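The structure is shown first.

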Amino acid sequence: MKKLLIILCIITLAVSAAAQESAAPHQVLGVRQKLPNGLIWLFSEQHSLPLVSVKILIRGGVLRDPPGKAGLANLSALLLTQGTKKRSATQIAREVDFLGARLAAVGSDDYTSVSLTVLKKNLGPGLELLKDILLNPAFSKDEIKRKVAQLKASFQTDQDEPGIVASRAFHRRLFGEYPYAHPPKGTPEDLATIDSKDLAAFHDKFYRPNNAILTVVGDLSPDEANEWVTRTFGEWKEASIPVLKVPAPPDLKNVEKIIIDKSITQANIIWGCLAIARHNPDFYSLQLLNYILGGGGFSSRLMNDIREDRGLAYSVSSSFQAGLEPGAFTIDLETKNQSAGEAVVQVIREVKRIRSQPVSATELAEAKSYMIGSFPAKMDSVAKRAAMLAYVEFYGLGLDYPWRYPSLIKNLTPADLQKTAEKLLHPERYLLVVVGNQNEMPGFAPPTTSPGDKETKHD
């Protein structure tokens with residue numbers, strides 16, 4: 001039965017890939033245009049529901065946080081909906097509710113995103129509200145104080161989550177002064193130094209049409225979309241944007257361990273190293289490699305070996321982040337303190353195996369089937385399609401990307417994956433972070449006391 005399912009899976013994969021690939025020259029996500037002020041905007045006509053979804057990406061995420069101001073980009077985004085020069089936070093919330101809309105703004109590693117989904121009949125007032133929060137935020141002292149207090153409270157809550165403690169320590173060491181060292185919400189120390197002048201300066205510098213991408217998806221004709229976009233954003237003033245400069249992350253020249261002593265019954269472990277940026281040609285082979293190693297849930301090697309066969313971990317998985325700059329490849333697991341050492345040994349064993357031996361044809365076929373088969377779900381609503389449009393534009397993937405994706409995946413071989421593993425996964429030089437009860441973890445060195453690695457109040 002299992003062999004039959006695998007054969008059917010491979011046949012389905014081949015048919016699906018062939019169908020999508022043959023359609024590629026004729027299918028695109030939408031159309032791309034540019035306003036005189038430099039704003040790139042993309043439109044996809046969708047008439048299944050009387051909805052319109054709008055998404056704006058500002059090239060101003062964690063990568064643009066100034067030194068000593070970690071969290072500035074995200075705080076700027078969060079405050080957009082907390083008051084403008086003519087609307088209070090309460091008024092904004094009431095208008096959103098009255099329109100039956102969804103409005104959100106948040107910062108991430110590479111960009112800030114602002115999104116609106118609204119009924120077509122309410123598109124006019126919805127866009128007017130969107131324009132107001134995007135271009136005229138108040139950054140009032142009271143709202144800054146309230147939002148910073150909320151973020152600081154979340155740091156206190158994070159302190160009780162060993163997985164978050166481990167992740168913070170891991171990223172601080174792996175990235176050093178590199179901006180990805182901190183989560184988008186920053187650090188309590190840096191947030192305490194941010195004031196309205198910092199926020200206004202950041203907004204003035206980066207919230208510009210020639211530093212943004214706008215996507216519109218929904219129940220509009222091309223002429224209607226063009227009219228709305230031009231009317232709403234045509235007067236947005238462009239400006240010179242500073243060149244992005246980020247320091248290189250520190251090297252990992254050998255094995256480094258950070259042990260954080262915490263009185264808990266289960267150790268939280270992160271094994272990892274620096275990976276690749278989104279534009280790296282190895283991205284697609286790493287996707288498949290990650291799925292086979294630990295990203296595929298119960299079908300992954302790590303889950304089968306460490307949890308199912310050996311009973312060493314409650315959970316184990318691998319993942320990687322690939323943005324404008326190289327992110328991290330990590331293997332995360334949670335196990336009893338007493339099993340921590342043995343679990344790490346097995347992680348390294350599986351890393352060595354995927355480097356030294358090609359993956360099987362069955363494993364590769366199942367990974368390809370999942371990756372290709374799950375892709376359409378990433379654009380099955382107007383909001384998701386707007387996000388996909390923004391994503392492919394931001395990373396320069398092309399409007400035909402969803403229809404090219406199968407060909408980027410299906411031609412990869414076991415040898416391709418092995419080369420990627422050899423290039424990116426290094427069992428002789430990696431970073432290991434363990435948060436657990438050190439007295440119950442035989443074989444681990446005393447807790448690290450290096451600056452920035454030691455558990456602190458805000459971890």
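Predicted model: local features only at pLDDT ≥ 70, side-chain atom pairs only at ≥ 80, totals over all residues.

## Main contributor to the cavity lining

Helix H9 gives the most to the lining of the largest cavity, with five residues.

## The cavity and its lining

A search of the whole structure finds one cavity of 30 Å³ or more. The largest cavity holds about 70 Å³ of space.

Its lining consists of Val-52, Val-54, Leu-123, Leu-127, Leu-214, Val-216, Leu-220, Ala-225, Trp-228, Val-229, Thr-232 and Phe-233. By class, 11 of the lining residues are nonpolar and one is polar.

## Pro-50

Pro-50 sits in the loop between strand E2 (40-45) and strand E3. Is Pro-50 buried, exposed or partly exposed? Its relative accessibility is 45%, so Pro-50 counts as partly exposed, the range for that class lying between 20% and 50%.

Which residues does Pro-50 contact, apart from its neighbours within four places in sequence? They are Val-118, Leu-119, Lys-120 and Asp-219. For Leu-119, the C-alpha atom lies 5.9 Å from that of Pro-50, although the two residues are 69 residues apart along the chain.

Technical notes: Residues numbered from 1 in each chain as written. Heavy atoms only, no water. 1 Å grid on protein atoms, 1.4 Å probe; cavity = no way out; pocket = protein on both sides within 12 Å on 5 of 7 lines; lining within 4 Å. Points joined across faces, edges and corners; volume = space filled by probe spheres on them. Helix = DSSP H or I, 4+ residues; strand = E, 2+ residues; numbered from the N terminus. Nonpolar A, V, L, I, M, F, W, Y, C, P; charged D, E, K, R; others polar. Buried < 20%, exposed > 50% of the residue type's maximum accessible area, 1.4 Å probe, protein only. Contact = heavy atoms within 4.5 Å.
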